[in-house]
Amino acid sequence: MVAIGAFAICVFLIIAFIYWPTSRYVTASVDRLIIDRANTFSSLPPQQRHQALQQHLDGDPRRVKLGGLFDAHGNRVIGNIESLPRNLQPDTPPQPLSVVRIDAAGREQQLARVVARKLDDGAILLIGRNTDELSEIGSTIERAVAWGLIPALCLGSLFGAFLSIRTQQRLDQYNRQIQRIVAGELRERLPEQGGAPFTELARLINAMLDETEELLRSVAGVGDDIAHDLRTPLTNVRMTLESGRHKAKTLDELKEAVDRAIGGLDQSLTMVTALLRITEIEHSRRLEGFREVDLAELVRDVGELYEPMAKDKGVMLVVEAKEKMVVQGDRDLLFEAIANLVDNAVKFTPECGHIELKLCCIGEKSIVHVSDTGRGIAPSERDLVTRRFYRSDKSRGEPGLGLGLSLVVAIAKLHGVQFGLSPAPTGRGCVAEIVFERVPPQVS
């Protein structure tokens with residue numbers, strides 16, 4: 001209804017803008033015409049003036065011309081105006097007056113635009129024109145409004161009602177779908193066909209539902225993984241304690257059983273702590289704590305930490321980070337992410353293997369590159385290894401919880417950087433890369 005009212009107002013304004021200029025134009029044309037006639041007649045000698053005025057009034061089949069000549073006492077000498085109008089002001093611009101017209105058709109009161117000229121002998125010459133033409137224009141516009149606006153408003157009302165009903169039906173459909181989703185049917189989605197606003201809204205809501213469903217699946221999967229991975233160490237703890245209670249004959253044997261049980265509990269606590277660490281990073285929103293971090297210095301620090309471990313295992317660790325590259329981020333978290341990648345490389349690279357940890361620059365991007373000559377990652381498992389608790393069959397015998405790469409992914413997501421895994425160019429080993437956008441140097 002608001003739209004219909006606005007439409008009606010706009011139509012009225014358009015009509016008003018048409019009528020007012022037209023009325024002003026017609027009035028100005030009438031004024032110019034009667035002024036020209038009055039000036040012409042007043043300049044003629046009396047006898048010619050009478051003849052010219054009579055000819056002017058006789059050539060008026062539409063009965064719109066008005067004129068009269070009155071003597072100094074106000075008596076009509078010639079013309080079709082019965083008497084001098086009240087409030088008449090000679091020698092002024094044309095003015096709207098009510099005059100009485102007399103002719104062969106009879107006596108009639110008319111509204112006219114009239115101009116008066118006082119002659120040298122004291123007589124007054126009136127020249128006017130009926131303004132019924134303006135009224136006819138107004139009546140024509142009124143009829144146009146009646147025959148055009150009213151049907152338009154009716155059609156607009158019908159169309160508005162149709163759109164309103166259609167919109168309400170779409171909202172009811174969305175409401176039913178959303179109620180089913182709230183009831184637990186998370187696979188339901190809003191229909192995306194129809195009008196553009198509803199389609200865009202449905203796409204946004206469906207994308208949100210997809211993300212929510214994925215998160216719920218992830219949570220459910222994590223719960224299953226926790227239950228599966230905690231079951232083994234907790235079962236071992238129970239069996240160790242039960243075996244120690246039944247078989248230990250000395251205090252030392254009982255202490256040994258308790259120590260093994262404590263080791264199993266420590267493993268479980270380490271797993272839970274790692275999960276809480278990942279959750280903390282994934283839900284962190286305190287990005288205002290980010291600072292400028294020198295990646296070259298960070299990479300060298302990680303290399304210094306793992307160089308003794310690599311040397312003890314008989315693996316060559318090459319660190320290359322010469323050029324200073326600055327990014328925005330949390331230094332401790334970035335150190336942890338790079339350290340996890342190097343730790344995996346050292347862990348899965350056999351003796352006499354080779355590991356490269358280097359920082360390189362390609363365009364406006366800074367890339368932390370970690371490559372090794374280990375067993376590598378099968379293509380089918382490349383997307384799976386970043387999931388929590390996932391461990392390939394090749395790594396089951398190695399110590400760990402399967403949370404290292406999940407932690408790297410969480411840190412990369414928090415920093416808005418890219419993390420990727422790919423096979424080594426030589427065909428042996430794996431390449432892990434973290435791609436940063438460089439911070440432009442500040443001009444002091």
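## The loop between strand 2 and strand 3

D91 sits in the loop between strand 2 and strand 3. In this predicted model, the phi of D91 is near 55°, a positive value in a residue other than glycine. N87 belongs to the loop between strand 2 and strand 3 as well, and its phi, near 60°, is likewise positive in a residue other than glycine. As background, most residues other than glycine have a negative phi. N87 is also exposed, at 68% relative accessibility.

E82 is another residue of the loop between strand 2 (76–79) and strand 3 (95–103). Its side chain meets that of R107 in a salt bridge, with 2.9 Å from N to O. R107 lies in strand 4, 25 residues away from E82, and the pair links distant parts of the chain. What about the surroundings of the two partners? E82 counts as partly exposed at 30% relative accessibility, while R107, at 60%, counts as exposed.

## Salt bridges around strand 4

The model has 12 salt bridges. One of them joins the side chains of E108 and R63 at 3.2 Å, N to O. Why does this pair tie together separate parts of the chain? E108 lies in strand 4 (residues 106–118) and R63 in the loop between helix 2 (46–58) and strand 1 (65–70), so the bridge connects parts that are 45 residues apart in sequence. Both partners are partly exposed: E108 has a relative accessibility of 30% and R63 one of 26%.

Elsewhere, E356 and K358 form a salt bridge through their side chains, with an N to O distance of 4.0 Å. E356 is partly exposed at 27% relative accessibility, and K358 is partly exposed at 26%.

R129 is worth a look while you have the strands in view. This arginine is found in strand 5 (residues 124–130) and counts as buried, with a relative accessibility of 12%.

Which residues is R129 in contact with, leaving aside its neighbours within four places in sequence? The set is V30, L33, I34, R62, V64, K65, L66, L111, A112 and R113.

Helix 7 covers residues 331–348, which makes 18 residues. From its first C-alpha to its last it reaches 26 Å, close to the 26 Å expected at 1.5 Å a residue.

Which residues of helix 7 are buried? They are L333, L334, A337, I338, A339, N340, L341, V342, N344, A345 and V346.

## Cysteines

How many disulfides does the structure hold? The count is 0. C360 is in no disulfide, and the nearest cysteine sulfur, that of C361, is 7.9 Å away. A disulfide would need the two sulfur atoms within 2.5 Å.

The relative accessible area of C360 is 25%, which makes this cysteine partly exposed. C430, by contrast, counts as buried at 11% relative accessibility.

Note on methods
Residues numbered from 1 in each chain as written. Predicted model: local features only at pLDDT ≥ 70, side-chain atom pairs only at ≥ 80, totals over all residues. Heavy atoms only, no water. Buried < 20%, exposed > 50% of the residue type's maximum accessible area, 1.4 Å probe, protein only. Helix = DSSP H or I, 4+ residues; strand = E, 2+ residues; numbered from the N terminus. Expected span 1.5 Å × (residues − 1). Contact = heavy atoms within 4.5 Å.
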